[in-house]
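Subject: Structure handover, with notes on rings and cavities

Dear colleague,

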Amino acid sequence: MALAATGVTGTFLLIILLSAYGIYRDRLPYSLNKIFWIFCLFFMGLAPLLQYGSGSRPFPWLPDATAPLYLKTNLLILCCMLLFRAVYTRQRIRNADTVFPFPMPGGTISKRMFLTAGAFVFAVAVLAQYSLSGSLWYRNLADAAPRISDSSLQLLTDKILKGLVLCYSLLCIRLYRQKQTGGAYTALILAAAVLTNFPTAIPRYWLATFYAGTGISFFYPVFLKRRRLFDGLFISGLALLFPLLTLARLNKKALRYRLSHPRRFLDQLADSFCGQDFDAYASLQHTLQYVQSNGVLWGRQLMTTLLFFIPRSAWPGKSVGSGSLVNPPRPGSDFSNFSSPLFAEGFLDFHLIGALGISALCAWIWGRYDRYYWHSQPGGFLKMVYPAYLGMAFFTLRGDLLSSFAYTTGIAAAAWIFYRVLVAKGKKETL
C-alpha cells in the first residue's frame, strides 16, 4: 500500500514538473501551448494531488478511486502530455510562413460601415444583452430568470450576442492602436462592453475569453515587453480568481454566510480546489471506469459534438455531454454539468488511441495557430480573435467538448459574419 501511494504521488509530481517545464520553455509572451501546460499544471497535477493527499474529492457520493486507477490515470496523462509536446514542437520548428489552417480572405475595414452599421449592430447587441440578463452584476441573479424560455434559443441568442460584442470591441481596439479611431470613442465602446459583461455576472469561460481578448489586444506592447506577465496573470487567476468567482453563483443567504467570517472566506479557496471547480481529473478517472464497464462508444460523443446544432427532437438518440454521461449526479440532485477533459473525450470514444489522437490533433492545430499568429503578416480575422481564443481553448481542455465546441463555433461564426460585413469591397474610404 505504501509503495502504491508513493507511486501515485511520484507520478503526480512528474505531471507537475513536466507542466512547469512546458510553461518555462515557451518564451512567447502568450500562446495556446502555455494554455495547455497551465491547464495540466492545475487540473491534472496540483488540484488532484491536493485532493488525493487530503482525502477530499469532487464527487464524495462515489467510492474513492483505488491506487491502481490513480496510477493508470496519471500514466495516461503523462503519455498525452509527452505526445502533445512532441507534435507541437514539430509544428513550431517548421517554416513560419505556413498558413493556418487554410487560406483566410483578407480585406480592410470600411470606415463608413464601421462607424455606422458596425456601431448600430454593436449598440443593439449590448442593449439585447442588457434586456436578456437578470442582473448585470451578480451571476446567481443573472441565471435565475432567463428571458427566453426555450433553452436552445436562449443559448443561440446568447452566443450570437457575445460574438458581436467581442468582434466590435476587438476591432475598435485594433483601429485605436493604429490611430484610426479616437480614445473617447474606444473608451465608450469598451465601457459598454464591460458593463454588459461584468466579471461577477458572466460564466468563467466567457470571463477568460472576453477579458483575455480585450486585455491582451489593448496592452499588447506591455505583454511583448514583459514576457512572463501572461503566465503570472493566468496562474494567479486560476489560483485565486477562479475559485472566488464561485461566490457569484451562490444565493444571497449562502453568500452572506461565506463572507461573514474571514476563515469561511479563505475556506472557499480550499473547498474549490477539492470540489467541482476542479473536477476534471476525477471525471477522467470516471471515464476510465465507464469504458472498462461499458466499452468505448466508437465515435458517438464525437458525432454528437460535430452535429451539436441538430435538435434532440429531430435526433432522439443524440447523446449528452461526456461529463454528464460518466459522472452520476449527487443523490437527490439533478445537477449534471460536470467537466470532461479533452483526454477523457478521446478515451471515451476510442480508448487509448482516442486519448493520444485527440492530444496530437490538438497539438497540431494549436502549433500551427501559434506560428500563424506570431510569424505571419499583421491583419486578418484569425489574428484578431487569437487572444480571445486563449480563453475558449482553456474551456475546451477542461470540457466537456460538446459545450465548448458548440459555444466556440457559435461565438466565432457570429463574429466572423459581422467582421466580413464590415470589410471593404473596393471602397475608397477604409480603415
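Predicted model: local features only at pLDDT ≥ 70, side-chain atom pairs only at ≥ 80, totals over all residues.

Residues are numbered from 1 along each chain as its sequence is written, and side-chain values use heavy atoms, with hydrogens and water left out.

Aromatic pairs

A search of the whole structure finds 47 aromatic pairs (rings of Phe, Tyr and Trp, the last by its six-membered ring, with centres within 6.5 Å; planes under 30 degrees apart count as stacked, over 60 as edge-to-face and the rest as tilted). In one of them, the ring centres of phenylalanine 12 and tyrosine 281 are 5.3 Å apart and the planes stand at 50°, so this pair is tilted. Because phenylalanine 12 belongs to helix 1 (residues 2–25) and tyrosine 281 to helix 13 (residues 280–294), the pair ties together parts that are 269 residues apart in sequence (helices, H or I with at least four residues, and strands, E with at least two, are DSSP runs numbered from the N terminus). Phenylalanine 12 is buried, with a relative accessible area of 0%, and tyrosine 281 also counts as buried, at 2% (buried means under 20% relative accessible area, exposed over 50% and partly exposed in between, with a 1.4 Å probe and protein chains only).

Tryptophan 61 and phenylalanine 338 form another tilted pair, at 6.4 Å centre to centre with 40° between the planes. Tryptophan 61 lies in the loop between helix 2 (32–54) and helix 3 (67–92), and phenylalanine 338 in the loop between helix 15 (322–326) and helix 16 (342–375), so parts 277 residues apart in sequence are tied together by this pair. Both tryptophan 61 and phenylalanine 338 are buried.

Charges over rings

Lysine 159 lies over the face of tyrosine 407, at 4.0 Å from the ring centre, and the charged end of lysine 383 sits over the ring of tyrosine 373, 5.5 Å from its centre (the rule asks for NZ of Lys or CZ of Arg within 6 Å of the ring centre and within 35 degrees of the ring normal).

Threonine 73

Threonine 73, in helix 3, is buried at 0% relative accessibility. Leaving aside residues up to four places away in sequence, threonine 73 touches Tyr281, Leu284, Gln285 and Leu288 (contact means heavy atoms within 4.5 Å).

The largest cavity

The largest cavity has a volume of about 130 Å³ (on a 1 Å grid over the protein atoms alone, a cavity is a set of points where a 1.4 Å probe fits but cannot get out, and lining residues have an atom within 4 Å of a point; points are joined across faces, edges and corners, and a volume is the space filled by probe spheres set on them). Of the 17 residues that line the largest cavity, the closest to its centre are Arg57, Asp64, Tyr70, Ala282 and Gln285. Helix 2, helix 3 and helix 13 each supply at least two lining residues, and helix 13 gives the most, with five.

With kind regards

Key
1 Å grid on protein atoms, 1.4 Å probe; cavity = no way out; pocket = protein on both sides within 12 Å on 5 of 7 lines; lining within 4 Å.
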